[in-house]
Amino acid sequence: MSSARKLHRRFQRTVVLLATFCTVSIVLSAYYLYRGSRQQSDPWEGAAEAACGGAQLPPRSQVAAGARRLPRASSAAPTVLVFVESQYSPLGQDIVTILESGRVQYRTEIAPGKGDLPALTEKTKGKYILIIYENISKYLNLDSWNRSLLDKYCVDYSVGVIGFHRAGDRGAQGFPARGFPFSAHGDLALTACCVNPHSPLLRLTKSSKLDKGALPGTDWTVFRINHSAYQPVILAKVKAPETLSAPLSKGALYATVIHDPGQRDGIQRVLFGHNLNFWLHKLIFLDAVSFLSGDRLTLSLDRYILVDIDDIFVGKEGTRMNVKDVQALLDTQNLLRAQITNFTFNLGFSGKFYHTGTEDEDAGDDLLLRSATEFWWFPHMWSHMQPHLFRNQSSLMEQMALNKKFALERGIPTDMGYAVAPHHSGVYPVHGQLYEAWKKVWGIQVTSTEEYPHLKPARHRRGFIHRNIMVLPRQTCGLFTHTIFYQEYPGGPKELDRSIQGGELFFTVVLNPISIFMTHLSNYGNDRLGSYTFVNLANFVQSWTHLKLRTLPPVQLAHKYFELFPDQKDPLWQNPCEDKRHRDIWSKEKTCERLPKFLVIGPQRTGTTALYLFLVMHPSILSNPPSPQTLEEVQFFNRNNYHRGIDWYMDFFPVPSNVTTDFLFEKSANYFHSEEAPRRAASLLPKAKIITILIDPSDRAYSWYQHQRSHADPVALKFSFYQVISAGPRAPAELRALQRRCLVPGWYASHIERWLLYFPPCQLLIIDGQQLRTDPATVMDEVQKFLGVSRHYNYSEALTFDSHKGFWCQLLEEGKTKCLGKSRGRKYPPMGPDSRAFLSSYYRDHNAELCKLLHRLGRPLPAWLRQELRKAR
């Protein structure tokens, strides 16, 4: 009995101990769970204070090695898909502007509120490497079907998402409900911004000291993170915390940009709580594009800066540099060399104006010459005249020789190979005499201009090579001949400081691997705004970015530029009369009226020569005379003739007697299938109308082969037509070349689609070549209507059929006729049945695509096409 009691008591004690232990365990677990949840509610809040609030930051190398792990490389095409709210939405335009400035390919789509997404793949390949939503709510509120499609695409192709919260949009409050582990609080004013140094996004952006200033606007959104994997990228404090709702605490830093590393669903995202008006958001946006694309959409961190000082020795008394200003220029150059490797000012001079200032300013001229070897030098014109005003090359050379003589007598280096024309005259639009004079007098290899292709927008400026002179894009920096005093700077001195500190000038350096800045002599006298600007710019760039600034001499710089952008070597000529600035620096002796109003583009062997003859019969339609240089046709847009420039092209055409009613045109039948011609033609002649003629592509191929035989082409004489068209990939190169000339122009749909990329359908006329041969009067009535020729010409009375030649000819007085030459209308043996069958099969898909295209354009199907389609059924 005693033993039973003892066992009972022991059992009771054991139960009590177990109950006590369980109670304590529950209490402790609840406590730590509570603490954990408090920490998880904003795990970066304390760390952010330490990281951004002034604590010792880890070295850049540690951050990069430990944190910047790029996403898995995407197999998608390097194009960004941008979903915008509308075509004119400000944020959407800002996104596009930055992508264009960074030379990033993109496509914009109106974000679907409802309905399907655009096609994201093409033949199993992803079309987009990155998705950007101007309004992140449109992404969050996609219907489940489209959201699952988009998410699957992002996972399958390792594609990230960037999104922006729109001011006043309550859709962001739905983040937690959609399964995202953070909340958003909007319509806030912020201050004291900083960058998280541990963010793996950082490549371009440097985590600098805490910026205590207020952020622009009062419509910010901040994010509260409750998941340890999410990282803030930019943090800021909320102003006026006494008016805030309970979740936001006083003095804490909250994220305005967050990075979702994709641990939850495999999709990396970067979300912005504001637009891109804030300069630091622009930097992080560039880093986000780079990071999420696996650094495929990024530029090197090297930035080359060349500062030109134009108008040395030029300027009114009282605005030029004196001795102290020149000494300050030398001091500034030495100061900048500590931040910009090899920095050297580049001085452009006009010797005629030496010693035309005050006594102090003339002494400044002398100190410049005594310090000549400290700088780089380049020539302007001797008298600072605009080169396009000189009518001939010899007078230009005389002016240049005077400037060179001045330089040699006073120890100015003359071997830099770089020159700049006053007001960029003659560089673009091209004045050919300038280029030739430069080469002969100075040995010029490089120049620069802000005018190609246009002054604005600056992000579209490009380089090109013409007559073996490399033309680089030049940038403005807000300093002109009249901006010489800090307090009188246009818009006030803060406007200049804003441009330097995160504004236009700063982003000119950020977004351009090579920047040539135009400044003037007067910017380094007076208040020395030139020195102020570039010293402060270099400081700001070094403080907030990892860019490596350096300078190269102009010729080396030009080679570096075209090494980076080899696609810019070929120029793309524009119409000078479409830009007022271009008209002002273009010779008054030239006129755009000598440019054609329409083009006959071919293809060859379809009746283009007959159409040419019919067109020039019209009293109001003029063309270029046959050119012995180019074998009758000009062939400007598709061959190296294009590099001779538009002056060469316009010389082929007469000056119209009546610019209102007369129509100039050009016929070059190789334009039709040319890769370059549509883009080039649209650039120079955007309003031109385009005429093409289509016949059965099999007949066209056979006609070309017979044409080559008649011209004693050795390959055409050696091989039969069937051997040519059926040649395999191992056939001799010359045989395959003839095969391409026979077959490729017959890919009608592909070539027309290329022209439609640059010209609207209303500017394109497609002529049925068979109808042109049998009923030319009806076709020519259609052509006159298409062109809008005001004076109608009756071709029914002007044409007669020549039964001997087998085609229509011009009817002259007294019953005489004017027909095409002897080489036209030759009789060939009929095509063999094997060749006909081969070509019918070869062109089957091409003809089907042409049928679809014509239906889409609302154009009738030619009889030969209907016949071929019936065969294919």
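User: What share of the contacts in the chain with a separation of 6 or more comes from residues 24 or more positions apart?
Analyst: This is a predicted model, where local features need pLDDT of at least 70 and side-chain atom pairs count only at pLDDT 80 or more, while totals for chains, interfaces and linings use all residues. Numbering starts from 1 along each chain as its sequence is written, and side-chain values use heavy atoms, with hydrogens and water left out. A contact means heavy atoms within 4.5 Å. Of the contacts in the chain with a separation of 6 or more, the share from residues 24 or more positions apart is 77%.

User: What percentage of the residues of the chain count as buried?
Analyst: Buried means under 20% relative accessible area, exposed over 50%, and partly exposed in between, with a 1.4 Å probe and protein chains only. The chain has 873 residues, and the buried part of them is 54%.

User: At roughly what angle do the axes of helix α8 and helix α9 cross?
Analyst: Helix α8 covers residues 323–337 and helix α9 residues 359–370, and their axes come within 7 Å. The contact is made by V323, V326, Q327 and L329 of α8 with D360, A363, G364, L367 and L368 of α9. These residues divide into 6 nonpolar, 2 polar and 1 charged. The axes (lines fitted to C-alpha atoms over the stretch in contact, with angles from 0 to 180 degrees between N-to-C directions) cross at roughly 35°.

User: Is L336 buried or exposed?
Analyst: L336 lies in helix α8. Beyond its neighbours within four places in sequence, L336 is in contact with F343, F345, F534, V535 and A538. Its C-alpha atom is separated by 9.8 Å from that of N536, 200 residues apart along the chain. Because its relative accessibility is 0%, L336 counts as buried.

User: Which helix gives the most to the lining of the second largest pocket?
Analyst: About 1300 Å³ of space lies in this pocket, and 49 residues line it, with S499, G502, G503, E504 and L505 nearest its centre. By class, the lining has 21 nonpolar, 15 polar and 13 charged residues. Elements that each supply at least two lining residues include α4 (90–101), α12 (493–500) and α13 (504–511). With 5 residues, the most is given by α13.

User: Which loop holds P457?
Analyst: The peptide bond from K456 to P457 is cis, with omega near -5°. Most peptide bonds are trans. The place of P457 is in the loop between β17 (446–449) and β18 (464–466).

User: Where does P603 lie?
Analyst: The peptide bond from G602 to P603 is also cis, with omega near 5°. P603 lies in the loop between β22 (598–602) and α17 (608–617).

User: Is N468 buried or exposed?
Analyst: N468 sits in the loop between β18 and β19. Its phi is near 65°, a positive value in a residue other than glycine. Because its relative accessibility is 68%, N468 counts as exposed.

User: What is the relative accessibility of N526?
Analyst: N526 has a positive phi of about 55° although it is not a glycine, and its place is in the loop between β20 (514–520) and α14. N526 counts as partly exposed because its relative accessibility is 24%.

Key. Helix = DSSP H or I, 4+ residues; strand = E, 2+ residues; numbered from the N terminus. Nonpolar A, V, L, I, M, F, W, Y, C, P; charged D, E, K, R; others polar. 1 Å grid on protein atoms, 1.4 Å probe; cavity = no way out; pocket = protein on both sides within 12 Å on 5 of 7 lines; lining within 4 Å. Points joined across faces, edges and corners; volume = space filled by probe spheres on them.
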